[in-house]
Amino acid sequence: MKRFRRHGQESQRDRLKQELYQFNKTVEHGFPHQPSALGYSPTLQLLAIGTCSGAIKLYGAPGVEFMGLHDENAAVSQIHFLPHQVELVTLLDDNSLHMWTLRAHTGLSELLEIGRFTLTGPPGAPPSVTRVTAVLAHSSGELLLLGTEGGHVFIVQVPGFRELEERNISLAEVANSVPDDNLGHRNLEHVEALQENPANPNHVAIGYGRGLIIIWDLEKRCAIQHFLATQQLESVWWTEDRGYILSSHSDGSYCRWTFGEENGNDVEKSDIPYGHFPCKAISKIIQLHTKEGTPFLLFSGGMPRASFGDRHCITVIHNKTHVALDFTSRIIDFFVIKDGQLNSGGPSALVVLVEEELVVIDLRAEGWPVIQTPYLVPLHSSAITCSHHVSAIPLKLWERILAAGEQQKTNYSKKPWPITGGQNLAPHPPQRDLLLTGHEDGTVRFWDASGVCLYPMYKLSTAGVFHTDTETNDNHQGAEGEWPPFRKVGSFDPYSDDPRLGIQKIHLCKYSGYLALAGTAGQVLMLEVNDEAAEQTVETKVVDLLLGQEGFRWKGHTRLDVQEEPVLYEPGFQPFSLVQCQPPAVVTALSLHSEWKLVAYGTSHGFGLFDYQQKMNVFIKCTLNPSDHLAMEGPLSRVKSIKKSLRHSFRRIRHSRVSLRKQHVNNTAKLQEANAHLEAELSKTELAPIQRKVEARSSDDSFTGLVRILYFADTFLSDSSHNTPSLWAGTNGGCVYAIILRLPSVEHRTDEPITAHPEKEIQLMHRAPVVGLIVLDGHGSPLPEPLEVAHDLACSPDTQGAHHLVVVSEEQFKVFTLPKVSAKMKLKLTAIDGSRIRRVGVAWFGSSQSEHYGESGLVVLTNQGDLHVVSLPGVKLQVRFPCIRKEDVSGIASCVFTKHGQGFYLISPSEFERFSLSTRCLVEPRCLVEVPLDLGASIQGVKKLDGYLSALSETSQEFQNSDSSARCVMEHALLNDEEVLQEIQKSLEGDHV
Amino acid sequence: MILAAVLQFVTQTERRMSRQLQQQISFKALDGVVEVKSKFEAEYRRFAFKRNCPGGFQEFYTLLQTIHRIPEVDMLLGYADDHGDLLPINNDDNFNKAISSANPLLRIIITRKEDEPVGFGTNSLQRHKKGLGLTGLRNAGSLSSHSKSKIGLMIGRPQNFRQISSIIDVDILPETHRRVRLHKHGTHKPLGFYIRDGASMRVTPYGVEKVPGVYISRLVRGGLAESTGLLGVNDEILEVNGIDVTGKSLDQVTDMMVANSHNLIVTVKPANQRNNVMHRGSKNTGNSGSFGSNGSTGSALSHDSTGPASQSTPITASNSIVEGDSDEENDDDDDDDDDDDDGDLILESDCLMFYQNHNNMNFTSERLGNTPVVRNLQQSVSMPEYMAANLRAHQNGHQSQTA
């Protein structure tokens, strides 16, 4: 065959591959891992978040997202937008400054790095002289003030990063302009804060670590005023209205100083809000005026050290209201969004970035409710244990889920999302896609995954079905008269009540609204969508997967206790049937067939089939190898090994610490050190060189009976003339079981029992775990999903031609004929390149060139992190793309494919990366950000044409009709429109010719 | 003696079965009847005898002579074991082994002693054997040299041993390299070695460079790798089944080896370069190599799993083709014949009805297409219908004979 294939066909196939497959990582969903900096541009209405890994992410209106990554692998410590411009400056941990811009290109903005800069001190100066500790982007948009650890303030011209040496504010100059007696020859320490006077851009407040605050006039190059605090300075804030300066300090106090009075060098007011006992530092303080007169005072930290030193709080005081917002993780930074076009109004929303989530609080509404964030939602509010993607949800189910979700959002503010910068130009998503994530605490979250924003739709909790120890609601909050007046905010709660509740497998039928969930303690829960709240009990069946065989003792956790009394379930998915596997091992495979009303589940001991219509167990098969002791251990032994490895790593850390400390040895430490050294040596000998055992798989290996995949198919199993319903199961030991099902006719479905009996077994000789089973119809295309044909969404499978079974093991793809099972084709992977299949899915790829052409294929992720597409039914490798680092085991394990060639995987505990292998299906941010031109023109003039963006838009409609500015807008439009430019170019060239 | 051997077999099966979920025994072999189908030249004879009183080898030998009516002919006896290997019967021990492997069919192949010696060993019953499909170091035309292995120093007859390993492609590899083939499915021994990361020196166009390499780190005592003597600790692994491992991680190489474990071919650069195979002139090349003059006594090219360790001329699979019961073979699996792992075992419903919980017994997979060896007649193994019918007919026939 191969010999006769002509070259032309090959190249034609290559062209077709290019039309079908294309790899893109499109967008990151969720919350950035380890955020380290926050920035906000009131003019652009864009939010920027920097992370410890050097990424910066910009967010505006839902769907407007940009991402950039610094080449340096250093944490972003500060982000500053240049006022009224599309540029922003980032400061990294390695003391480098970076200039980024949002440049428009073919009508879309993209985030680009346009410059970098590192301060250079005089030769021979210690590095601390140029170590940047504070940055001020001056409102002129031309200057950047950089305060350093050495106490100097350097002034740099942007965007080109040109140092203006003559304008630098040196420590000596500052010391000269302040009377000596105040300083008392003390070291001023580093520059802690730089603030510009909102009323006069020439005045800059410079706060030094030791507590001195200088008001410096940039024009006159001298200090106008100085204030001296007694405590270490944490932050400085210049109020907009009456010329006050607020400073916060390390002892939990803040001071108010009056600016402008000749002799007002003394503190006007000083307060320790949570005083009496020692308090922690107030790291940032803000005061904002309102039209009504009483200002808002906001500050982070300042809690009493002994009693509440571990809380992460932001205090908001307005009028008589005083609330300490209590966050569940460390506060990175916060800012306040103000009302009005020019942000001149009062505060409307408080935006807080904490380590694990973004919380936005409506400061206008009574009680300061939280505003639901449309993006940056913490996916990991409880750890993600599994995920499931369903494409093309019917509108009806979609609306029911949305409605159920709406009813859950009672405590949220009605206010629309306040960050509205940029325009989302992405086309409306072609279909409604749902991503379901299962969590450790037994919840399932439903996300709208149709577009760029992964928007939370609905949250389902299964904990109510079971008795758990933590029924006692923590009602300690809201106790009257408590001081400080805490209020818990945020949804991040990583502490699971009971790890057995964890969701391990999800299967949703989008047509019938049935949902099957399987968990850590062998529970399989059937749920049905219901628009009304209902009080009901869940019918429970305990299923012995060992079939009563003696001599086995399960050493793992016990199964969950079921609530026997009726429970009130809120509208949405409500449980009606429960199967509990015995032994209660984690459920490793789950499949739901809503047309036959059957659910199949498997654990490391066997698998079962449950009829959820009649609520009867139909079939049980034990796959356990009797010599497999590990399978009876339960998850405990794993825990042990984790503990062991933790111990090892702690030892290593200790060892490295010891070596660090060597620099300053003292006598008392010597003995300790010797001991630690000895221990380190011991641990070294324990750690044998990394080696791998080369051994053929055998039937005696552990977990060979673990069920990896369950699959329902209506196919030819016993003879080639009648197709019958069947259940297929694949195990870790390379065995495939085929079970034939006899379903009663529809009218007798409720009373006649379903029978099942084993029909075939295939033991793959290479014994690799079976990870995928697919039946192909007579045309070689995969069988449609249940009910898909009934809803006219797929053509019925071809039953004229012979069906084929595709068995995907970790090592190879193999096609068998049906009903007589004999090997027809295969594709080896591991034997050739050593990679093993971790994830497999069936996807449909549409051609980018012709509307009607498309192919089904297998999408495969290997343990090397590579994505492959394998054609069906020919099982030939089509394309290969490296996708995930092979070291990122959890990322590879978390990968989930969609039916249209996209996929998701976790790049951190809180973030999904979305990728696409398809040329047709691509969800990526397409957005445009513009400077509001009225501001830009009036304040700035037109200085950087290419920094601004093309085409006039709605936002510039309210533009004043003055001649000059209109002209510059026209200039903008012309100079930025590529077509116009090209035309001009052409005409110029034409002249030359 | 015989009884003891049978007893040993019984305990073996018991041990095996104790691993099964239920103590349900399904081996027909214990029914006490051994069906024999013997072939001499083109003639077949079928008969049966009681398992517990088979007598010794000599008795069996004369029985065969009588049955085939060849009383004056000197014969060599061979039988097909459950791996499809042709193994010799020439004493009481291996005769008992042969009987114990019958379940219940025992296939005997008789050859004249003066005939061309039969190549016993793994895969010897295979019909056709394609080349290894190795890439890289192969020279064009190297496969065409199909010369017979030269009989060198001969202590035991090579045909008396089952091949478990071989050195191959000696003629096309550099002398410093060694390509070793391990025949896992002829033995129950574990492969038995560990590999590790290491650094290797390579000569590149830019000079000598230090590159990561993979080495054998440990041999398990009693394992296949150790017993062959062909692999040693600190040997560098260059290829696995013809695929260069350069740039592959330790885990990848491990997975490749496991995936190929049924027929593992590793190309190594031995740490001990003193035992290298020397080329002995162009005439003598072939798939087999022979020792250099300084060859130490410890290692041999081809080892036996049952007989005494001895030096013997290697028998490579390619020149030892023995036709089995060709009338029962089907030839429809040419498609992926180059693979040895196509022995997926397929069980059909009739057995599954009986043994719902037999929990997948310890089947060592066989090449069903070529050598249909059926362990348990109650399980209909996927094979052509006529064949199964054939077998069933035999069974019935014998029962009536023995009854």
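Start with the hairpin of β10(A) and β11(A): 5 residues sit between the strands, and Gly141(A) in the turn has a positive phi of about 80°. This is a predicted model, where local features need pLDDT of at least 70, side-chain atom pairs count only at pLDDT 80 or more, and totals for chains, interfaces and linings use all residues. Residues count from 1 along each chain as its sequence is written, chains are lettered from A and ligands numbered from 1 in the order in which they are written, and side-chain values use heavy atoms, with hydrogens and water left out.

Strands here are DSSP runs of E, at least two residues, numbered from the N terminus. Two strands pair if DSSP finds at least two bridges between them.

β10(A) covers residues 132-137 and pairs with β11(A) in the antiparallel sense, over 5 bridges. Val135(A) has Leu146(A) as its bridge partner.

On to β12(A), residues 153-157. It pairs antiparallel with β11(A), over 5 bridges. Leu144(A) is bridged to Val156(A). This hairpin has 4 residues between the strands, and Gly151(A) takes a positive phi near 100°.

How many residues of β11(A) are buried? 6 of 6, in the strand spanning 143-148. Buried means under 20% relative accessible area, with a 1.4 Å probe and protein chains only. Leu143(A), Leu145(A) and Gly147(A) cover one side; Leu144(A), Leu146(A) and Thr148(A) are on the other.

Next, an open sheet in chain A: 4 strands, order β26-β27-β28-β29, antiparallel pairing. Its edge strands are β26 (331-338) and β29 (370-371), each pairing on one side only. Inside chain A, β27 (347-354) and β28 (357-362) pair antiparallel over 6 bridges. Val352(A) stands opposite Val359(A) in β28(A).

Conventions: Buried < 20%, exposed > 50% of the residue type's maximum accessible area, 1.4 Å probe, protein only.
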